[in-house]
Amino acid sequence: MEKKKPPTQDRFSFNDSAPCPTVPVPPGPIPAPPPGTPRNRVTLTVDGKTVRVPEGSTLLEACKTLGIDTPTLCYLENLNPVNVCRVCVVELEGARTLVPACSRRVEDGMAIRTDSERVRLSRRMVLEFLASSVDVSTAPELQAYLERYGGQPERYGPATAPAAAGEPETARAGVHCPTDGQTAATVAQPVKIDNDLYVRDYGKCILCYKCVQACGEEAQNTFAIAVAGRGFDSRISTEYAVPLPDSACVYCGNCIGVCPTGALMFKSEYDMREAGTWKEAEQERTDTICPYCGVGCTLTLHVQDNRIVKATSPLDQEVTRGHLCIKGRFGWQFVQGKGKKK
Amino acid sequence: MGGGTSSYQEVEDADVILLWGSNARETHPIFFHHVLKGVKRGARLFVIDPRRTSSAQWADGWLGLDVGSDIALSNAMAREILDAGLENRSFIEHATSGFDEYCRSIESYTLERGERETGVPAESIRKLAHEYARADKAELCWTLGITEHHNAVDNVLALINLALLTGHVGKYGSGLNPLRGQNNVQGGGDMGAIPDRLPGFQHVESDELRSRFERAWGVEIPPKRGLHLSGMFDAMDEGKLTALYILGENPAVSEADQRRARRLLGGLECLVVQDLLMTDTAAMADVVLPAAAGWCESDGTVTSSERKVQRVRRALSPPPGVRDDLEILYELARRLGSDWGQPDPKRIWDELRSLSPMHRGMSYERLEALDGIRWPCYDESHPGELFLHSRLWQEPLLGPRAPFSPVEFAPPVDELNDRFPLRLTTGRRLDSYNTGAQTTSYSSPLRRGESLDLSPEDGERYGVLEGERVKVVSRRGSVIAPVRFDTGLRPGLAFMTLHFPDEVQTNQLTIDAVDPKSGTAEFKASAVRIVKLAAAQPG
């Protein structure tokens with residue numbers, strides 16, 4: 001076995017033998033990824049207008065090329081569609097049921113309607129059911145859709161009393177209390193605060209599954225949460241409903257990043273909202289690069305009164321696709337005065 | 001030019017991914033998302049690491065080699081590839097040099113020798129060699145497990161040899177990727193913050209290259225390379241270096257053999273520290289220059305592990321009395337008699353572009369519009385290079401051949417013996433960062449503080465319990481830390497981090513055996529023993 005002497009001698013002049021390249025290496029051809037397979041174009045009609053889009057596109061994408069703003073809740077461009085919210089449904093000629101635009105692929109000759117009475121009614125009902133049973137006060141998009149479709153969630157009657165802490169977790173599959181027909185069943189329950197980084201307010205959860213996807217195989221692959229229960233008792237839960245610090249959670253906050261209703265929220269935002277100091281309109285957003293490892297994740301810093309109040313990442317950013325780790329998401333306290341020299 | 005040859009997107013399209021001396025799952029979590037995309041598309045992942053890490057849990061194969069035996073493993077892989085006729089003969093003949101000498105150098109590294117030196121079963125070495133060589137596209141990624149050794153550069157060369165042998169470099173989906181540990185350690189190198197280079201990796205000892213900078217700046221530049229960090233500490237030891245100006249480093253905590261580092265820093269005639277936090281090093285300084293946080297209180301650029309230059313932007317105003325790094329440097333220059341005008345990050349960047357051909361095409365406007373550009377980018381119509389070294393595949397070959405560099409296995413300097421029977425290696429955890437200066441200020445539910453991680457078998461062997469505080473002794477110093485059992489460690493291997501210097505100063509234990517070529521200390525391999533503090537508690 002060869003043994004090198006420990007490099008203790010003459011460390012002062014180390015590296016003197018390294019070559020000194022004076023001839024610059026000529027640049028090669030500009031590297032490119034292998035060409036993708038060309039996609040055929042498909043023709044369809046949307047609200048009477050003809051549109052040509054690449055094969056494999058979704059109806060949602062086809063609508064987008066025409067400038068049609070389709071409501072979505074469970075859809076996000078960095079996740080695979082799971083078709084659970086049904087708010088993006090459109091009417092497809094020849095189909096018995098409405099189809100979800102977010103996942104239905106285009107086919108040649110399709111004719112769809114995005115604003116028919118049937119579509120409007122369906123969207124309105126979906127939004128009303130959600131808003132009558134869920135606290136949508138921090139879901140501005142959902143509120144805007146409600147207004148667009150004239151939803152009146154209050155017509156389902158006053159809300160039932162909120163559940164006690166831990167009560168939703170005791171629901172057993174198949175066991176339901178019949179409603180009285182006068183009050184609206186809700187998922188109202190106390191907010192779960194079990195760590196200093198983020199809170200879970202499942203009274204605001206519309207069960208869009210996005211957090212489960214982001215925690216699971218679409219991004220983080222930690223699988224700390226899943227959907228538990230059946231029917232109206234369905235809920236997002238850690239294993240055996242343990243508090244987050246006892247779960248598999250690694251606090252990447254990628255669930256917060258995809259949550260459309262504010263059910264998952266930075267503790268910093270939650271505390272400021274509670275104190276009445278959260279002023280989103282006054283906040284500035286600045287994109288910069290995370291100060292930690294060398295991967296180069298884009299951080300969008302949300303700044304209010306010269307303090308960072310939360311950090312996100314753009315969904316269309318090729319490094320992060322909107323996802324971060326615990327340090328990037330939460331590790332910015334050190335610039336907020338603590339430990340800083342005056 | 002030194003940088004990762006591939007882009008992250010290529011990792012998603014690779015057939016085989018090797019993570020060698022890297023626990024990317026915890027230390028480069030978002031890079032690992034790209035690895036996982038690759039795995040889900042069918043890539044086979046192999047993790048080469050003494051510890052069975054959370055990255056290894058995703059792997060098709062984990063090779064738990066002995067600390068510091070990387071060259072024995074890579075040379076044995078290379079020999080097996082040749083034996084099996086799996087080398088890329090046409091690439092070797094077309095684009096490389098020194099192949100025959102390389103073949104001779106690995107002749108003695110049989111699979112049996114590989115197993116003996118590394119502790120990895122011969123069959124596992126053979127399998128990895130075949131998987132890597134047979135892959136259509138293979139990415140080889142590494143981190144400090146390769147570079148924090150007394151033979152860091154040799155370790156890297158051994159990996160480069162494997163890529164040359166198999167042709168896994170210079171084409172889409174095949175490359176060599178050091179994952180960088182800081183958000184701008186790549187950019188620091190790009191900008192010439194290394195002892196022998198000017199910006200754009202232009203060698204300071206080339207009269208032609210240096211004179212361009214001298215003409216542009218109107219000053220004479222010292223024609224010889226300077227010192228690495230470790231060389232500076234030696235120079236302090238010899239009394240040749242008496243004043244030190246540190247920007248954003250905490251060597252009083254981060255240097256190996258901390259007692260020596262502190263003694264030398266304390267013996268300086270003048271120590272100036274520019275930092276955003278009052279670090280232990282800053283506390284020792286004669287002058288502290290409070291600096292703004294470069295990533296959120298300043299404008300500028302950083303370069304990532306895929307060579308991508310990206311903008312950092314000012315989102316906060318620094319507190320009163322705290323200045324931008326540029327402002328401090330400009331003011332210093334002014335007081336030293338050279339007025340550089342008003343600091344302006346964009347103007348400085350344009351000056352860099354005028355002097356560094358590989359950055360020439362990266363205007364601020366293009367960096368904004370394209371959301372970052374990978375170097376090299378030679379002009380404003382150049383998109384930047386997705387991967388490096390495409391020239392090696394050109395007919396005829398463009399530029400010089402890529403040399404094989406024969407390297408020999410040399411075990412860690414800090415030898416194990418009866419007095420120091422445990423191999424201590426150091427590393428990082430997901431929620432903390434280096435010396436903890438930044439991360440201890442946020443409250444992480446994952447954080448458990450410092451510990452001496454041992455295999456449960458060693459716990460039994462040394463009669464220590466989980467949570468028991470023990471003294472850890474190396475040839476240089478000792479610390480007291482609680483024991484924690486980790487089934488990812490094999491008997492004989494211990495693990496600590498550097499994250500909690502206020503609790504446990506791990507670098508009291510580490511050795512400053514330094515790689516002569518890179519100046520990196522062997523943080524990854526110390527020899528230690530455990531001393532019980534009290535009689536074993538019952539039960």
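## Strands and domains in a predicted model

Strand E12 of chain A, residues 307–312, is mostly covered, with 5 of its 6 residues buried. A residue counts as buried if 20 or more other C-beta atoms lie within 10 Å of its own, as exposed if 12 or fewer do, and as partly exposed in between; C-beta atoms are placed from the backbone. Strands (E, at least two residues) are DSSP runs, numbered from the N terminus.

This is a predicted model: local features need pLDDT of at least 70, side-chain atom pairs count only at pLDDT 80 or more, and totals for chains, interfaces and linings use all residues. Residues are numbered from 1 along each chain as its sequence is written, while chains are lettered from A and ligands numbered from 1 in the order in which they are written.

Which strand is joined to E12(A) by 5 bridges? Strand E11 of chain A, residues 298–304, and the two run antiparallel. Two strands pair if DSSP finds at least two bridges between them. E11(A) and E12(A) form a hairpin with 2 residues between them. Asp305(A), in the turn, has a positive phi of about 50°.

Chain B has an open sheet of 3 strands, in the order E12-E13-E14, with antiparallel pairing. Its edge strands are E12 (300–303) and E14 (373–374) of chain B; each pairs on one side only. E12(B) pairs with strand E13 (residues 308–312) of chain B over 4 bridges.

Two bridge partners:

| Residue | Bridge partner |
|---|---|
| Val303(A) | Ile308(A), in E12(A) |
| Thr301(B) | Arg311(B), in E13(B) |

Chain A is assigned domain 1 (41–115) and domain 2 (279–342). Such bounds come from an automatic or database domain assignment. The centres of domain 1 and domain 2 of chain A, taken over C-alpha atoms, are 35 Å apart.
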